[in-house]
Amino acid sequence: MKIRIRYVADAGNKERERLVLRAASTTDIGDFMLVRTGFIDEDVTTEVKDSFWFPYKRVAADDLIVLYSKAGRPKEKPLDGGRTAHFFFWGRPEALWGTDDVAPVLLYAPEWASQAPDKLLASHA
């Protein structure tokens, strides 16, 4: 996987809680979606509680991607060795990772399809 989940920092603290990821290779973070799923007996479930689709932005190998649970504006900060920390904000009013019944799952989704809601309605004429 081009992006790896590293750890959750300050879990349960709604002002500081963040998920830290690292780019294994140069990629576009917008090809990834993070879902918060259920977690039972050492396994994730298919229950999706929340999702965050990263905006399109190029990240380089060894860059950090930091996703805060709280609201804020995306920004970046240079790190030693030419790396960059990219900060994103989920915009949630509460902490997301303070319990042991949820887990982060990172999905690589460079291809996807959408349909306008009005096109989904069947006509019964």
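How far apart are the mean positions of the positive and negative charges of the chain? The mean positions of the 18 positive and 19 negative charges lie 7 Å apart, where Lys and Arg count as positive, Asp and Glu count as negative, and His and the chain ends are not counted. Each charge is placed at NZ of Lys, CZ of Arg, CG of Asp or CD of Glu.

This is a predicted model, in which local features need pLDDT of at least 70 and side-chain atom pairs count only at pLDDT 80 or more, while totals for chains, interfaces and linings use all residues. Residues are numbered from 1 along each chain as its sequence is written, and side-chain values use heavy atoms, with hydrogens and water left out.

**Overall layout**

- The chain has one helix and ten strands, taken as DSSP runs numbered from the N terminus (helices: H or I, at least four residues; strands: E, at least two).
- In sequence order the pattern is β-β-β-β-β-β-β-β-β-β-α.
- The C-alpha trace spans about 65 × 35 × 30 Å along its principal axes.
- Of the 125 residues, 34% are buried (under 20% relative accessible area; exposed is over 50% and partly exposed is in between, with a 1.4 Å probe and protein chains only).
- The accessible surface comes to about 8000 Å², and 50% of this belongs to carbon and sulfur atoms (Shrake-Rupley method, 1.4 Å probe; for residues, only the protein chains shown count as cover).
- Among contacts (heavy atoms within 4.5 Å) with a separation of 6 or more, 55% are between residues 24 or more positions apart.

**Nonpolar cores**

- A nonpolar core is a set of buried Ala, Val, Leu, Ile, Met, Phe, Trp, Tyr and Cys residues joined through side-chain atoms within 4.5 Å.
- The largest core has 18 residues, and those with the most contacts inside it are Ile3, Ile29, Leu34, Phe54, Ile65 and Leu67.
- Two or more residues of this core come from each of S2 (18-23), S4 (32-40), S7 (64-68) and S10 (102-108).
- S2 gives the largest share, three residues.
- Leaving out residues up to four places away in sequence, Ile29 touches Ile3, Phe54, Pro55, Lys57, Val59, Ile65 and Phe88.
- A second, separate core has seven residues, including Val20, Leu64, Ala85 and Phe89.

**Strand S7 and its partners**

- Five of the five residues of S7 are buried, with Leu64, Val66 and Tyr68 on one side and Ile65 and Leu67 on the other.
- S7 pairs with S2 in the antiparallel sense over five bridges (strands pair if DSSP finds at least two bridges between them).
- S7 and S9 run parallel and are joined by five bridges.
- Leu64, at 18% relative accessibility, counts as buried.
- The C-alpha atoms of Leu64 and Leu21 are separated by 5.8 Å, although the two are 43 residues apart along the chain.
- Beyond four places in sequence, Leu64 touches Val20, Leu21, Arg22, Leu79, Arg83, Thr84, Ala85 and His86.

**Hairpin of S8 and S9**

- S8 (residues 75-78) and S9 (residues 84-89) pair in the antiparallel sense over four bridges, and Lys77 stands opposite Ala85.
- Five residues lie between the two strands, and Gly81 takes a positive phi near 75° in this hairpin.
- Thr84, in S9, counts as buried at 17% relative accessibility.
- Not counting residues up to four places away, Thr84 touches Asp63, Leu64, Glu76, Lys77, Pro78 and Leu79.
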